[in-house]
Amino acid sequence: MKLSDVPIRRKLTIVMMLTSLVALVLTAGAFTAYEFVSFRKNSLQSAQTIAQITAAQTSAAVDFDDERTAHDILAKLHAEPAILQAAVYDRSGKLLAHHPADSPASNFPISEEPGSHFEASALRIFTPVELDNRVIGSLYMKWDLRPAYGRFRLYGLMVFCVLLGSSAVALVLSHWLQDRISRPILELAATARSISFKRDYLVRAKKFGNDELGSLTDGFNHMLTQIHQRDAALHENQEKLQHALETAERAADAVRALNGELEQRVERRTAELQSANRELEAFTYSVSHDLRSPLRHIDAFAQILEEEHEKQLSAEGKRCVSRIRGGVQNMGNLVDDLLNLSRVGRAELQKELVPLSPVVEEALADLRTETKDRVIEWSIAPLPAAYCDRGLVKQIFVNLISNSVKYTRPRLRAVIEIGSISIDGGNGFFVRDNGVGFNMKYVAKLFGVFQRLHRPEEFEGTGVGLATVQRIVHLHGGRIWAEAELDKGATFYFTLGQASLPEKMS
Amino acid sequence: MSEPIEILLVEDNPNDLELTLHALEKHNVANKIHVVRDGEEALDFLFCRGAFSHRTFESPPKVVLLDLKLPKIDGLEILRAVKSDPRTKAVPIVVMTSSKQQRDLVESYNCGVNSYIQKPINFTEFQEVIRQLGYYWLAINQSPPPSAFKQP
């Protein structure tokens with residue numbers, strides 16, 4: 001088990017115990033070591049003192065080689081039971097006397113250089129025996145250290161007991177102290193756990209004091225209050241959202257239902273429209289064929305009458321035939337124009353980038369029969385390109401220019417101007433003439449089908465041309481309007497929607 | 001019927017018929033014309049059956065003037081039938097119609113029509129067209145040889 005996984009209670013205890021134990025063990029160890037060292041030092045010192053005194057006492061005996069005296073002196077050492085052995089040697093190292101006297105001489109070591117050293121349970125000392133600062137022999141002494149070591153062991157035991165006692169006290173203290181720290185934390189943890197299980201944000205953690213843990217608890221409780229508020233708000237929002245979702249779902253269902261219905265309706269309408277379109281096409285076809293045929297017949301027979309039966313006809317008869325043929329001509333034009341208008345209405349735009357100047361030239365070429373016997377001063381500016389249906393836009397120019405040619409007929413010097421202007425940030429085009437013009441109060445009628453502002457005797461026409469032009473312009477998303485003054489002239493402006501936007505191209 | 005038929009005129013409308021014949025008479029080809037009044041009759045003539053079973057595929061008219069709008073079987077169907085049969089596909093067919101329908105024009109050429117003429121409204125122009133037509137198909141144009149009309 002890792003330390004980080006140990007419960008905080010035990011962790012605190014472990015930490016406190018470890019610190020106090022380390023301190024105690026270090027202290028006790030230091031004391032014991034110090035005691036041990038000073039004990040050895042003291043033992044050595046006292047042993048050496050006694051050895052030196054004994055050596056001094058035996059110096060005379062050694063000098064005179066008096067074994068008895070030496071023996072007597074050594075025998076007095078009996079009073080000190082710690083002295084296990086003692087021996088005196090002369091200068092040559094011969095054993096002079098020894099203690100205890102009954103111990104065989106072989107038990108004693110040979111004389112050594114002065115010094116001392118500790119054995120397992122004893123201290124051996126060699127001291128020089130001196131007389132008048134001359135070394136005349138040596139003294140050997142062996143001290144029993146066991147009683148001393150026994151005392152030292154007792155000391156160690158006492159230290160250990162103190163260690164144990166202190167540890168016990170530290171344990172109790174740490175237990176008591178850790179409780180002070182861990183209880184608020186544990187309480188906090190328990191509260192948090194219970195909240196996370198029960199989701200009851202009204203529970204509050206108990207506060208145990210005003211320390212950091214107290215502020216932590218306060219913070220925690222404050223957080224709970226906020227969470228509670230947020231939770232309530234969230235809940236409310238959730239309900240609202242749920243409600244909104246349900247509403248939206250219902251709306252979506254309704255929309256889906258409506259869509260389905262709409263789709264069906266669109267399908268139905270499309271089918272109707274397609275059938276209407278087919279009918280219209282059939283109608284157009286029959287108008288083109290069936291209506292034109294009788295006209296052709298009337299005209300043809302009138303012509304035969306005129307050419308091959310001229311002699312049988314009176315002057316009035318001839319006039320009548322001529323009127324018949326005029327009427328047929330008019331109706332033929334009318335049928336053509338109407339068919340054209342309906343074709344334009346049904347046309348699918350084939351848009352491309354079209355340079356308009358060549359289109360105007362083509363339109364003028366188409367109108368050559370109308371212009372060949374006239375004096376017309378043309379003023380044609382270079383036109384930009386436009387994104388449009390070439391054929392239909394040519395028809396715009398044909399119709400507008402043909403109108404200008406027609407309504408300038410009374411002028412000795414007709415002036416017709418074609419150009420472009422900037423309108424609505426795009427290109428607009430205009431056709432201007434100095435013809436008979438019209439009164440602006442009738443401008444609204446200008447683009448209506450069959451609407452005419454002149455009597456047929458003045459200017460022939462079907463009243464379909466401008467309606468066709470307007471339809472083409474609207475198909476392109478553009479607009480058309482006119483400015484005119486009676487007897488001064490007229491100007492027709494048009495745009496081609498997005499088609500006539502940027503790009504100047506002459 | 002000693003003289004071979006040079007023009008088969010397929011026309012249902014009596015006015016158109018009279019005007020066409022009037023124009024053709026002016027140019028002296030009226031006696032070499034055979035007139036049929038509906039699609040069925042036209043097919044019988046061209047495929048030598050029914051009332052025309054005495055006719056042979058080897059002596060077809062030099063040109064067929066075909067109206068598109070016809071009772072029973074319309075002009076495009078006749079065109080399709082004639083141009084898809086090896087015995088008749090070499091017969092020159094000129095569609096003459098008052099229709100301005102783009103699709104008729106396209107469909108006629110797709111079926112292999114030899115010429116497509118829209119009848120002018122103006123009778124003078126119409127007469128001129130008929131004159132040129134007669135001149136071209138009867139005098140200028142080299143007709144296909146009999147071997148072009150293979151028996152199946």
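This is a predicted model: local features need pLDDT of at least 70, side-chain atom pairs count only at pLDDT 80 or more; totals for chains, interfaces and linings use all residues.
Figure 1. Val10(B) has Leu66(B) of S3(B) as its bridge partner. Strand S3 (residues 63–66) of chain B runs parallel to S1(B), to which four bridges join it. Strand S2 (residues 33–36) of chain B also pairs with S1(B) in the parallel sense, again over four bridges.

**Figure 2. Helices H2 and H3 of chain B.** Helix H2 (residues 39–46) and helix H3 (residues 75–83) of chain B have axes that come within 10 Å and cross at roughly 15°. Because angles under 35 degrees count as roughly parallel, H2(B) is described as roughly parallel to H3(B). The crossing of H2(B) past H3(B) is right-handed. Gly39(B), Ala42(B), Leu43(B) and Leu46(B) make the contact on the side of H2(B), and Glu77(B), Ile78(B), Ala81(B) and Val82(B) make it on the side of H3(B). Classified by residue type, this contact of H2(B) with H3(B) has six nonpolar, one polar and one charged residues. As context for the view, the secondary structure of chain B consists of five helices and five strands. From the N terminus on, these elements follow the order β-α-β-α-β-α-β-α-β-α. Chain B has 152 residues, of which 34% count as buried. Among its contacts between residues at least 6 apart in sequence, 67% join residues at least 24 apart.

**Figure 3. The five-stranded open sheet of chain A and the helices packed on it.** The strands of this sheet are arranged in the order S2-S1-S5-S4-S3, with antiparallel pairing. Strand S2 (95–99) and strand S3 (115–118) of chain A stand at the edges; each has a single partner strand, so one side of each is left without a neighbour in the sheet. From one strand to the next, the twist averages 15°. S3(A) is joined by four bridges to strand S4 (residues 122–131) of chain A, and the two run antiparallel. Within this pairing, Phe118(A) stands opposite Leu123(A) of S4(A). Helix H1 (residues 8–63) of chain A packs on the sheet and touches S1 (83–90), S2, S3, S4 and S5 (134–144) of chain A; the direction of H1(A) makes about 35° with that of S4(A). Helix H2 (residues 67–75) of chain A also packs on the sheet, touching S1 and S2 of chain A, and its direction makes about 25° with that of S2(A).

**Figure 4. Strand S9 of chain A with its partners S7 and S10.** Strand S7 (residues 376–380) and strand S9 (residues 414–423) of chain A pair in the parallel sense over five bridges. Here Glu377(A) stands opposite Val415(A) of S9(A). S9(A) is in turn joined by eight bridges to strand S10 (residues 426–433) of chain A, with which it runs antiparallel. Ile416(A) has Asp433(A) of S10(A) as its bridge partner. S9(A) and S10(A) form a hairpin with two residues between them, and Asp424(A) in the turn has a positive phi of about 55°.

**Figure 5. The surroundings of helix H9 of chain A.** Nine of the eleven residues of helix H9 (residues 465–475) of chain A are buried, so this helix is largely enclosed by the rest of the structure. The buried residues are Gly465(A), Leu466(A), Ala467(A), Thr468(A), Val469(A), Gln470(A), Arg471(A), Ile472(A) and Val473(A). These buried residues of H9(A) pack against helix H5 (315–346), helix H8 (390–407), strand S11 (480–485) and strand S12 (489–495) of chain A. Gly477(A), which follows H9(A), has a positive phi, near 80°.

**Figure 6. The contact between chain A and chain B.** Chain A contributes 13 residues to the contact and chain B contributes 15 residues. On the side of chain A that touches chain B, helix H4 (residues 212–308) of chain A gives the most, with twelve residues. By class, this side of chain A has four nonpolar, six polar and three charged residues.

Note on methods: Residues are numbered from 1 along each chain as its sequence is written. Chains are lettered from A and ligands numbered from 1 in the order in which they are written. Two residues are in contact if their C-beta atoms, placed from the backbone, lie within 7 Å. Ala, Val, Leu, Ile, Met, Phe, Trp, Tyr, Cys and Pro count as nonpolar, Asp, Glu, Lys and Arg as charged, and the others, Gly among them, as polar. Two strands pair if DSSP finds at least two bridges between them. Axes are lines fitted to C-alpha atoms, for helices over the stretch in contact, and angles run from 0 to 180 degrees between N-to-C directions. A residue is buried if 20 or more other C-beta atoms lie within 10 Å of its own, exposed if 12 or fewer, and partly exposed in between; C-beta atoms are placed from the backbone. Angles under 35 degrees count as roughly parallel, over 145 as roughly antiparallel, 65 to 115 as roughly perpendicular and the rest as oblique. A crossing is left-handed if the near helix is turned anticlockwise from the far one by less than a right angle, and right-handed if clockwise.
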